[in-house]
Amino acid sequence: MTEVAVRIKIEGLVQGVGFRPFVYKLARRHALRGNVENNNNGVTVMAEGSQDAINQFVMDIRYDAPPASEITFINIEKETMKGFPDFSICKSHSYSDEITEVSPDIAVCNACLADMKSQPHRLDYPFTNCTHCGPRFSIIKDIPYDRHKTTMQPFEMCEVCRLEYTEVTNRRFHAQPVACNHCGPEYLLHFPDGKTVRSFESVLLRVASLLDGGGIVALKGLGGFHLVCNALNEKSVHMLRLKKNREGKPLAVMFSNMDAVNEYLNSVPEEEQLLLSWRRPIVLLTRKKPLPFSVSNGLNTVGAMLPYMPFHYQLFEKLHTSALILTSGNLSDEPVLINNEEALKKFGKLTDAVLTYNREIYNRVDDSVVMVVNKKERVVRRSRGYVPASVSISQNAEGIFAAGAELINSFAVGKGNKVILSQYIGDLKNPETLEFYSESFQRFGHLFRFKPTLVAVDFHPDYYSTKFALEMGLPVEFVSHHHAHIASCMAENNLDEKVIGVSFDGTGLGPDGKIWGGEVLVCDFLDFERPFHFEYVQQPGGDAVIRQPWRMAVSYLYHYFGAAFLKRNHQKWFSYIDTNTFDKVLLMLKNGINCPETSSAGRLFDAVAALSGICSRTSFHAEAPMRLESAADNYTLEGYPFVIHRDYVSFKPVFEGLLQDFENKMPLSIIAGKFHQTMVEVIASVVEKIALTTGLKKVVLSGGSFQNKILLGKAERLLQQKGYEVYSHKRVPSNDGGIALGQLAVAARRRVFKRNNNFKN
Ligand code: ZN
Ligand code: ZN
Ligand code: FE
C-alpha cells in the first residue's frame, strides 16, 4: 500500500490544554509516524502513513480534541516522505514575537477528583491537576508556558510527579502545575487571634464548622480571594454585606452540585451546560424556591456556580449546607485581593478566619458571569475561564492598544489579526483599580510580546483609560462610544460591511457633546451616521441621577408635561422627596443648570423604574433597569404608543400611557412588561425605517441595555421574524467591558484607510 506524508497545522487554543499528548496517543492508535510540536501559532503535526489512517487521524483530531481546547483552523499540506522511525513529541520551539495563545484557567476534572481518592501521593490533595485541568492564566508570568515561568516555579517536583510529568502517556505529561502532597502548594488557615492551622484535615473541618455555624471566611480561590458564608442563612449573608460595604449588589452563590441548583433555581439545558462547563462561570438564573432575601436583595435572578477547585468539592463534602455565598474578596469597589499579606491585613479581623495557600496568584481573574438568552450563551463579565482567549478579526490588529471605557473596564491588545481582551478590570475610579489597569497592561505587553504603535480611545477626555493611552504619546484614534459598541459586536460576529446598529446604553459621550445611549446608527468600521436617537431630555444634577433615578422621572415629566403639572402631582408620584429638594430639581430643569442633555436608554429605564415606585434610589450600577426587568411580565405583548419624528423618538405617549395605567392601578408586572415591549417595538420601527431607505438587512445589537434578557430576547426574535439578520454578543460583553474590541477594530480599519489614502496620522 502506498504511503503519504502530510504536514498538519492546527491553530486556536491548543497549548496548555493537553493537546500534544492527545495527538501523540492518536497517532500511535492510527499507526502513524512523525512528530508533533508547539510553535508560534499553535501546533504542527508531521504524519506519515496510509491515506486512510491519516484521514481518520485528522477527523479524530477535530472531534476528540481535549475538552478545554478550541481549534479555529486546520490546514493540511502534502509533504515529502522523511521516513520517521516512530511518532514523537518535539520539545517546545523557541518562540518569536508572534502570538501564542495562553489557556484560561480550567476547573478541576473528574479524573483528578478520582485521583484524589485513589492515588497514594494525592489522597485528598487540594491542588491536584492534570494536562486537562487546573490553573493556567492566573499563574503564568511568561511564555512559553513552562513551569519555571509560572508561580509554580518555587515548588520542586518530587520523584513521582516528575515521572508522571515526563511520561508521554501519562495524564500529567507536561502538566506544568503538576503537584502532590509531597511537593506542591499547601493551605494555611489563619484565625483573628493570630493562631494558624496547617494540617489539611483540620483546616477543612474548621472552615466547614465556621461556615455551618454562620461565620464568614475569606478563602483564597483560583484568581483571587472570596468572602464566603452560608447562603441559606439570612443573618450571615446580611452580615457579609455589611462587612463588605456592598449595599445592594446581588451576591453569587456556589451550590454543592446540580441537584442543589435545581432545588432553588430554574434552568434550561443550555444553562446547565454552562454551569457544568470547564470554564465554570457564574450563570444568572431565576428563582424557584426562596433563598434568603439578602442574597439578591429582591431581584428574581441569582448568580449560581458550581465547585471548580478541589477545595470547593472537599468543603461541600464536610458541610451541611448545600449553598455558599462566594463573592469577590474586596472591599466595595476595589479589585479582588490576591495577595496573602494584604488579605490578612484587610480580612484578618473582619472575618472569622482567612484561608491562604502558598502559591502566588499572578494574574488576577474574577469569576466570570454569563446568561442564556434565546438559547445562547451571553458573557456579561469576562474573566476566569474566558481570558485570555483571543478574538480573530478580519483586519491586521498588530500594535493597536484599545484602552476601553471607564466603567467595568477591560482593555485590548492586537497581535496579527487577533485581539486579546484583558480580564475584567472594574470601574476606573479608585487608585487600586487604576493600578490594576496599568499593571495588567504591562503584563499583557510582556506575555504577548506586544508593543503598541497606535492607541484607540473613547472620545471622553476625562476617562482614565483615555488619559492613560494618550500619555503614551503614540498616534491616536478617537472612537465614539456607541460606534465602538456596534463595532465590537460586528467584530465578534465577523461582520465587515455597512449595518444598522442599535446601541442602547447608560452613557457615552456623543460627538455633539451630549450624553448618548439610545442610538440607532448606520455604520461600518470606518465611520457612522446616526439617523435616529432617543429624544434629548435633561439629566438634572449630571451624574447624581445614577444614584437617584427619581430625578430622571421628574425630568421626563417636566419635559412632556411642564413644571405646573409636576408641582400639582408632587405628592402623588414623588411623596418620598421633600419639597425643598423637589423644587431645587425643578429649578435646575427650568434654568438648565447642571442639566446635561441625554438620549440614554438607561436613563429612560431609570425614569420608568422610579415612576413605578420600583426603584427611586440605587446602590449599584444599573440597579433601576435590573429591578424593572425583574418586575416585568415577559409575556406582555402590548406596548405603549410612541412617536418617531424626523430623527428622534419621542416618548410622550409612553408617559401618558404609564400615568394612565398607574391611575387605573394596573399591576406593576404588566406595566413593566408593557414598557419592555415598547422598547422592542421602538427598535423594530426605527430599524424598518432605515432598512426602507438604505436596503440594509443586517442589524447589530449592542450596549449595556442588552444585558436585559427580556429586551435582548424579544428584540432578537421580533427582528428575525421581520426578516432581518440579527447579530448580538455572545463571548464578548455587550456592556462597556466589550467596548475595547470595537475601538480596536475601528482603529485597525482607519489605519489601513489612512495608509491607502496617504494620510498623516
Ligand atoms: Zn485533571
Ligand atoms: Zn509530587
Ligand atoms: Fe457603553
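Asn374 is partly exposed, with a relative accessible area of 24%; on this scale buried means under 20%, exposed means over 50%, and partly exposed is what falls in between (1.4 Å probe, protein chains only). You'll find Asn374 in the loop between strand 16 (369-373) and strand 17. Helices (H or I, at least four residues) and strands (E, at least two) are DSSP runs, numbered from the N terminus. For background, most residues other than glycine have a negative phi, and most peptide bonds are trans.

Before going on, a word on what you're looking at: this is a predicted model, where local features need pLDDT of at least 70 and side-chain atom pairs count only at pLDDT 80 or more, while totals for chains, interfaces and linings use all residues. Residues are numbered from 1 along each chain as its sequence is written, chains are lettered from A and ligands numbered from 1 in the order in which they are written, and side-chain values use heavy atoms, with hydrogens and water left out.

Back to the backbone. Ile408 isn't a glycine, yet has a positive phi of about 35°, and it sits in the loop between strand 19 (400-402) and strand 20 (412-415). There's a cis peptide bond too, joining Val387 and Pro388, with omega at about 10°. Pro388 belongs to the loop between strand 17 (376-381) and strand 18 (390-392).

Now go to the start of the chain. Is helix 1 (residues 19-29) enclosed or open? Eight of its 11 residues are buried, so helix 1 is largely enclosed by the rest of the structure. The buried ones are Phe19, Arg20, Pro21, Phe22, Val23, Tyr24, Leu26 and Ala27. Their cover includes strand 1 (3-13), strand 2 (33-39), strand 3 (42-50), helix 2 (51-64), strand 4 (70-78) and strand 5. After helix 1 comes Ala31, with a positive phi near 55°.

Strand 5 (87-89) also marks one end of a loop that runs to helix 3 (110-118), and Ile106 lies in that loop. With a relative accessibility of 3%, Ile106 counts as buried. Which residues does Ile106 touch? Leaving out residues up to four places away in sequence, they are Val17, Ala68, His132, Cys133, Gly134, Arg136 and Trp278; contact means heavy atoms within 4.5 Å. Ile106 and Tyr308 are 202 residues apart in sequence, but 8.0 Å apart in space, C-alpha to C-alpha.

Next, the cores. In soluble globular proteins, nonpolar side chains tend to be buried together. A nonpolar core here is a set of buried Ala, Val, Leu, Ile, Met, Phe, Trp, Tyr and Cys residues joined through side-chain atoms within 4.5 Å. The largest one has 114 residues, and Leu315, Phe574, Phe651 and Phe655 touch the most other members. Helix 16 (residues 550-574) gives the most to this core, with 12 residues. Phe651 touches Phe534, Glu535, Tyr560, Leu604, Met679 and Val682, again not counting residues up to four places away in sequence. A second, separate core of 38 residues includes Val479, Cys489, Met490 and Ala747.

Helix 21 (residues 668-694) and helix 22 (residues 709-721) pack at about 40°, with their axes 9 Å apart. The axes are lines fitted to C-alpha atoms, for helices over the stretch in contact, and angles run from 0 to 180 degrees between N-to-C directions. The two helices are therefore oblique to each other. (Under 35 degrees counts as roughly parallel, over 145 as roughly antiparallel, 65 to 115 as roughly perpendicular and the rest as oblique.) At the contact, His676, Gln677, Met679, Val680, Ile683, Ala684 and Val687 of helix 21 meet Ile710, Leu711, Lys714, Ala715, Leu718 and Leu719 of helix 22.

Finally, look at helix 18 (residues 601-611) and helix 19, which pack at about 60° with axes 8 Å apart. That makes helix 18 oblique to helix 19. Gly602, Phe605, Asp606, Val608 and Ala609 of helix 18 make the contact with Ala624, Pro625 and Leu628 of helix 19. The loop between helix 19 (623-631) and strand 29 (643-644) holds Asp633, which is partly exposed at 26% relative accessibility.
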